[in-house]
Amino acid sequence: MLTAELRPERSADHRAVEELTRDAFWNHYAPGCVEHYLAHVLRTSPDFVPELDYVAVCGGQVAGSIMYTRAGVVLDRGGRREVLCFGPLAVAPALQGRGVGGRLVRHTADLARELGYAAILIFGDPDYYARFGFRPAEAFGIGASWGDYAAALQALELRPGALADCAGHFVESDAFQVDPDRAAAFDRDFPPRERLSGLPSQQKFQEIASRTRPRRAGQ
């Protein structure tokens, strides 16, 4: 495992975090990416959780980043349960697969537990997030905002039974509704890069995203 210092993000880190986020996500899920713009706007969102905004530093350089926002589960029985969501989770491409992302996830999940948060829900690769204790949100009766159960929607209880009575649907922060025109304008401030399609990572993303099934309230 790579040696890395984990610490809160500083204002001086902002551009470096956006650059590494762009590097990490470029052409990964789709041609180009918007995640670096998302990282930029999340910091000013009312749902942003600055106490959980962390970076990994290797050799004096920012090598990884994780950001959290408050989110919710709208309950079938009425009401809403507050949960956390993280993303983007980014690691410099040259350092991926060396434990940096895992350390960021585990460290901030422990901090979130100490801060009194009950659970974390994210959209991600089930095979990757299972190693941190994430389970399909469907196991708790929680579907995506559009009404289906989604294989990509993963949940982690920060205390036992935290999601036991939370059947409903997950709602992310409005900050994740990225304006593509603004994202494109923001990206023009970075060096030009080729946008590619049909890559294996994009195909895997589409396969995972397609794994949904209808959900009925209360089931």
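## Terms and source

Helices (H or I, at least four residues) and strands (E, at least two) are DSSP runs, numbered from the N terminus. Residues are numbered from 1 along each chain as its sequence is written, and side-chain values use heavy atoms, with hydrogens and water left out. The model is predicted, so local features need pLDDT of at least 70 and side-chain atom pairs count only at pLDDT 80 or more, while totals for chains, interfaces and linings use all residues.

## A buried strand

Strand β2 covers residues 54-58, and because 5 of its 5 residues are buried, the strand is largely enclosed by the rest of the structure. Here buried means under 20% relative accessible area, exposed means over 50%, and partly exposed lies in between (1.4 Å probe, protein chains only). Both faces are covered, with Y54, A56 and C58 buried on one side and V55 and V57 buried on the other.

Two strands pair if DSSP finds at least two bridges between them. Strand β1 (residues 5-8) runs antiparallel to β2 and is joined to it by 4 bridges, with L6 having A56 as its bridge partner. Strand β3 (residues 61-75) also pairs with β2 in the antiparallel sense, over 5 bridges, and I66 in β3 stands opposite Y54. The hairpin of β2 and β3 has 2 residues between the strands, and G59 takes a positive phi near 60 degrees there.

## Salt bridges

Side chains of opposite charge can pair when their charged atoms come close. A salt bridge is counted when a side-chain nitrogen of Lys or Arg is within 4 Å of a carboxyl oxygen of Asp or Glu, and a search of the whole structure finds 15 of them. One of them joins E19 and R15 (3.3 Å, N to O); these residues are 4 apart in helix α1, which means that about one helical turn separates them. E19 counts as partly exposed at 36% relative accessibility, and R15 counts as partly exposed at 30%.

Another salt bridge joins E138 and R213, whose closest N and O atoms are 2.4 Å apart. E138 lies in the loop between β6 (135-136) and β7 (142-143) and R213 in strand β11 (residues 212-214), so this pair ties together parts that are 75 residues apart in sequence. E138 is partly exposed, with a relative accessible area of 31%, and R213 is partly exposed as well, at 43%. Elsewhere, a network of salt bridges links E9, E18 and R43.
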